[in-house]
Amino acid sequence: MAVLQFREALKHAIDEEMSRDERVFVMGEEVAEYNGAYKVTEGLLDKYGYRRVIDTPISELGFAGLGVGAAMNGLRPIVEFMTFNFAVLAADQIINHATKVKYMTGGQADCPIVFRGPNASAGQLGATHSVAYDSMYAHFPGLKVIYVSEPNDAKGLMKSAIRDENPVLFMESEQMYGLKGEVSDEEDFIIPIGKGKIKREGSDVTLVAHGKMYHLAVQAANELAKDGIECEIIDPRTVKPLDLELILKSVKKTNRCIVIDEAHPFAGFAAEIGFLIQREAFDYLDAPVLRVCLPDVNAPFSKPLFDAWLPSPKQIIDAVKQVSY
Amino acid sequence: MAIKIEMPKLSDTMEEGVIAKWNVNEGDSVSAGDIIAEVETDKATMDVEVFDAGTILKIVPGEGDAVPLGGLIAIVGEVGEDISSLLDNDSSSAPTNSSPVAEDDKVTKAEEAMAAPTAVVAPSQGDGRIKASPLAKKIAADKGVDLNSISGSGPEGRIVKKDVETAQSATSSTLTRPGAPAPMASSTAKSFSSLASQEVKVSQMRKVIAKRLSESKFTNPHFYETIDIDMKAAIEARTQLKDKLDIKISFNDIVVKASAVALSRHQAINSSWMGDSIIEHGDVHIAIAVAIDEGLMTPVLRHVDQKGLVQISSETRELAGLARDRKLAPEQMEGSTFTISNLGMFGIEEFTAIINPPNACILAVGAIRDVPVVENGAVVPGKRMKVTLSSDHRIVDGAKAAEFLNTLRSLIENPLSMLL
């Protein structure tokens, strides 16, 4: 096991896949000369040259379209968005082209592309730069959506994403790039898409949390353990396809579930999990499924308002206590 | 302005009341003083009066539902008034979580109810539904536990897994589980068909009996002294009253009268433990245990030491009748300083009774037996009756109890001395 930063784990995954498969190339704003806005692609230009590490203009729709075309023609592009907040400009290429081309051509064209970049908020960046998009993209058939929380998952799942024959959205966080964690040094380490992980075992309540929210869940669970409440934390790692089986197994054990999600509540990831649990594990619920997520309000800029807006360990603890009777 | 009608305190020991009967329906007009409902308390069935004229806008509990003291039972006001705030206040009086926990749907009714973790009421709510979690329902169905018999510990009295499991472990030894194989059944052994056990809902009265007598038995250090009383003279006195004056009194009346006289001479027995003091009561008020179908009532005869046998006899009959009809007023059941329980009519030779708080002692009266006794060196037929005094050792010591019993015996054996 090596201790790597999140950004290093991603770079190792991309590097390994680029050296394994020459069809893999990286494209995006500042990915080459500047070594990446967040240094995820550091050193790749020197290693693979301009042909495979390509700086683009500030034109998300344009280079996303370029990527989709390349994928349809047999290459395996990794398109970096400086943040998924900017990928909204490329949404037509992602939603209408990448996700639908195989379906609309009756399987004649594949689109094996990875769109990656940081997702959701990263401090006081204002309403347009603070949105978690994983729930929204997971809405569309034909897309896989991954939002990881730890370096090890980042590496194993990035390699799976690059090898997948379908378009995959791979989401990260500005606030996690410096996060260190043990990463498997197993040769060709792969984590399959669609497999969640029980990251903390507990018998009293199930917490489902992915991405940045996973770390809040850990803090809350540590606090709650002092009061004798043992949380089981499940990191689904992949939003879609969802490892529902793992969640259900845990809920059947604890009979309680709190979903922590960095998105707005309406029709979000937490809403979907709540629905699935009541449908599949109705007779195992001893309390309603609750969620801790953003309010139905855009991100405020003011620090106190922002802090109140973002989910916190305190909110998770309160929610757990509400169902602990 | 709509007004809430809450469960009134109809007796000193009442903690909740069961709506026995509604006399009104939603939409009915009422005027001040109307009796809108009958409520079964731990002691009696009482009328609930309305103090304001208006229209019954809402009836909350159904007949048979238990409501804690102060709980909302109805709302009176003018037709068309918005009473939602009165109802909401009732459903979650506990403060809701002020932190911005999540989401807009925090304000939905279900989660608002969730935020009141302390509100534990009887499972049966106003709409007659039993609130139970899906898991609790499934476990109850699997194990054949009746949710009606369980009170919920979750928010708003919701029955959760823990409640069903607790109830199940409490009853599993006696209840037949549907679907469970008969343990003894085999092809060779004679089979016994199991008759279904039934679970009986605990009445208000039984709850109170259970609570008060458990408290008494587990808190008051009881000790018991039994004395055998020669009843020959008492029997003669009773026969003479009947034959010559056509006055019918019972042996119990004689015991009550004798006890009252003995109590006035032994104040320690006629007292109450108050924690850091002992009250020696000036008056002698004797509670008589009356068995009724649903349980037991203890109407109180007042100032017994100052009353004659005839008055004692007629008052006892009257109170016992009221008790059997459950028509006793609360004040007719309060303020006793001593209690007498008589099982002589069932042929019970002797027994020990549990002290009726806040009394210091209770007298358990047995049957009058025909026994051989030795008189002047010869065995002759005699009449004897055993009485057992249960005493609270915090107040009464063995010798004090013995002195009282000796006085009592002497009074009963020499009825004339009661006149002194």
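Modeller: Two strands pair if DSSP finds at least two bridges between them. Strands (E, at least two residues) and helices (H or I, at least four) are DSSP runs, numbered from the N terminus. The model is predicted: local features need pLDDT of at least 70, side-chain atom pairs count only at pLDDT 80 or more, and totals for chains, interfaces and linings use all residues. Residues are numbered from 1 along each chain as its sequence is written, while chains are lettered from A and ligands numbered from 1 in the order in which they are written.

Biologist: Which strand of chain B is joined to β1 (residues 3-6) by four bridges?

Modeller: The two strands run antiparallel. Glu6(B), in this pairing, stands opposite Leu72(B). The partner of β1(B) covers residues 72-77 and is β8(B).

Biologist: Which residue of β8(B) stands opposite Ile59(B)?

Modeller: Strand β6 of chain B, residues 54-59, also pairs with β8(B), in the antiparallel sense and over four bridges. Ile59(B) belongs to that range. Opposite it in β8(B) stands Ala74(B).

Biologist: Which strands stand at the edges of the sheet in chain B?

Modeller: The sheet is open, has four strands in the order β1-β8-β6-β3 and is paired antiparallel. Each edge strand has a single partner, so one side of it is left without a neighbour in the sheet. The edge strands of chain B are β1 and β3 (29-30).

Biologist: What percentage of the 325 residues of chain A counts as buried?

Modeller: A residue is buried if 20 or more other C-beta atoms, placed from the backbone, lie within 10 Å of its own, exposed if 12 or fewer do, and partly exposed in between. Chain B, with 420 residues, has 32% buried. For chain A the figure is 54%.

Biologist: Why do the buried residues of α4(A) lie on the same side of the helix, and how wide is their arc?

Modeller: The buried residues of this helix, residues 91-98, are Gln93(A), Ile94(A), His97(A) and Ala98(A). What covers them includes α3 (60-72), α5 (101-104) and β5 (114-118) of chain A.

Biologist: What share of the chain A contacts with a separation of 6 or more joins residues 24 or more positions apart?

Modeller: Two residues are in contact if their C-beta atoms, placed from the backbone, lie within 7 Å. In chain B, 62% of contacts between residues at least 6 apart join residues at least 24 apart. The share in chain A is 78%.
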